[in-house]
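Please keep the sequence and the structure in view while reading.

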Amino acid sequence: MSAAIPKGILGYARYKLKQISYSKESIEVNVELERDSRHNHLCSVCNQKASPERRKERTVKDLLFHGWKTFTKVEYYEVRCKQCGIRVEHIPFIRPCARATKRLEEAVAWLCQHLPLTVVALYFSLNWKTVKNIDKAYLEHRFEAPGLDNITVIGIDEVSYRKGHKYLTCVFDLNDPHLIWVGLGKNKETLSKFFEQLGKERGKRIKAVAIDMSKAYIEGVKEPCPHALIVHDKFHLVQDFNKVMDRIRIDEFKKADEEYKGFFKRTKWLLVMNPLRLKEDGKMRLSQLLNINMPLNTAYTLGEQLKQRWECVTVAQFNKALDNWCEMAYESNLKHLMDFADMLKVHRSGLWSYCLYPINTAILEANNRKVGLIRRKACGFHDLKYFILKIFQADNPLPLPLPVP
Ligand SMILES: [Zn+2]
């Protein structure tokens, strides 16, 4: 007795199986579907009833069928919708213009979240570029319009997406911590694109903005958020100080005698990492470097002290602590530290604002780490738009387990 596969399992809602053929040579299954004429034509944009205009056909990739590559050919209509005009009709299992079924897109996107493109491509017997295009199309759809309503506290941060000072600006909603916008560059113009999208009225409702002390961001925020308190939070301050630390490290490396240059190798991260997180080898190399180089030793000690300034609970306490720190920086006679102290004084109000408004910027720190991971996982991310979508995905990953078709 032969049996048929129950229609519900195949997942071709509103369609009927017309024909199934296969090729042993190419290990392919070709499924041909026809519309079930009992169903009305629906507009793919508003889902309302629409009148058919022109019959069309399209072949899309589908999930593997028992290990066989599967292609699904569907007939569909261009429809005239009263609201939207000429559109393609709604197909429940394929998004308009997609080259793969929804279930294949979801499976690819889910796997690409955990594995390199090349591995996912091998699994589905697809070209890696096809896998990338499917993943990208899915992510574009998923993150096409992040909500910008009810945002009152934002955090802005730069992340490096490629070597050679290539940066992106990320904007976060810090009340309901999540990423809301990513743009190319890290200047005032970059931010103006975000605020254009946010609109004037919503900009006026922003109460506080956590940013670093760069002039570009401060200038970029003032006008579109006239009522916002600028807050230089602890995360941004430490980030700014780390840049100073690195400049001192580079200067000292250049000045060091040949016999000492080896001590500077692979120390960039040792100098800025939380010392409690360092492994034994790291601790030893850091201690050796600080022992042979007094300027770095001084800067490192001052850096650790700077992080403790944020224990202050009142503005008066903070101001006193800041003045003490700046005095020590001036006494060090190190130009980079003295310049940094000058900068702290210029941005004093933004710094003590953190005492009044201790914004939690943990999400910015986490985002920095995630972007680093994406960079490492896909060396040579030349498609910037895809890279940005991956940042959104890292912030809001697809849930476990893999969605069921
Ligand atoms: Zn419509």
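## Helices H8 and H16

In this predicted model, Phe235, His236 and Gln239 of helix H8 are in contact with Leu364, Glu365 and Asn368 of helix H16.

Helix H8 covers residues 234-255 and helix H16 covers residues 362-377; their axes come within 8 Å and cross at roughly 45 degrees. H8 and H16 are therefore oblique to each other.

## Domains

The domain assignment divides the protein into domain 1 (1-97), domain 2 (153-233 + 360-395) and domain 3 (234-356).

The centres of domain 2 and domain 3, taken over C-alpha atoms, are separated by 25 Å. To the contact of these domains, domain 2 brings 17 residues and domain 3 brings 16 residues.

## The interface of domain 2 and domain 3

The size of an interface is often expressed as the accessible area that is lost when the parts come together. Between domain 2 and domain 3 the buried area is about 1,400 Å², and carbon and sulfur atoms give 59% of it.

In a salt bridge of the model, the side chains of Glu158 and Lys243 meet with an N to O distance of 3.5 Å.

## Helices H12 and H13

Helix H12 (residues 294-308) packs with helix H13 (residues 315-332) at an angle of about 175 degrees, and their axes are 11 Å apart. This angle makes H12 roughly antiparallel to H13.

On the H12 side, the residues that meet H13 are Thr298, Leu302, Gln305 and Leu306; on the H13 side they are Trp325, Met328, Ala329 and Ser332. The contact of H12 with H13 divides into five nonpolar residues, three polar residues and no charged ones.

## Helices H2 and H4

Helix H2 (residues 102-112) and helix H4 (residues 128-142) have axes 9 Å apart and pack at an angle of about 100 degrees. The result is that H2 is roughly perpendicular to H4.

From H2, the residues Leu104, Glu105, Glu106, Val108, Ala109 and Cys112 meet Val131, Ile134, Asp135, Ala137 and Tyr138 of H4. Eight of the residues in this contact of H2 with H4 are nonpolar, none are polar and three are charged.

## Salt bridges

How many salt bridges does the structure hold? The number is 28.

One further salt bridge is formed by Glu53 with Arg80, whose closest N and O atoms are 3.1 Å apart. Glu53 lies in strand S3 (residues 51-65) and Arg80 lies in strand S4 (residues 68-81), so this pair ties together parts that are 27 residues apart in sequence.

How values were computed
Residues numbered from 1 in each chain as written. Predicted model: local features only at pLDDT ≥ 70, side-chain atom pairs only at ≥ 80, totals over all residues. Heavy atoms only, no water. Axes fitted to C-alpha atoms, helices over the stretch in contact; angles between N-to-C directions. Helix = DSSP H or I, 4+ residues; strand = E, 2+ residues; numbered from the N terminus. Parallel < 35°, antiparallel > 145°, perpendicular 65-115°, else oblique. Contact = heavy atoms within 4.5 Å. Nonpolar A, V, L, I, M, F, W, Y, C, P; charged D, E, K, R; others polar. Domains from an automatic or database assignment. Buried area = accessible area lost by both parts, 1.4 Å probe. Salt bridge = Lys/Arg side-chain N within 4 Å of Asp/Glu carboxyl O.
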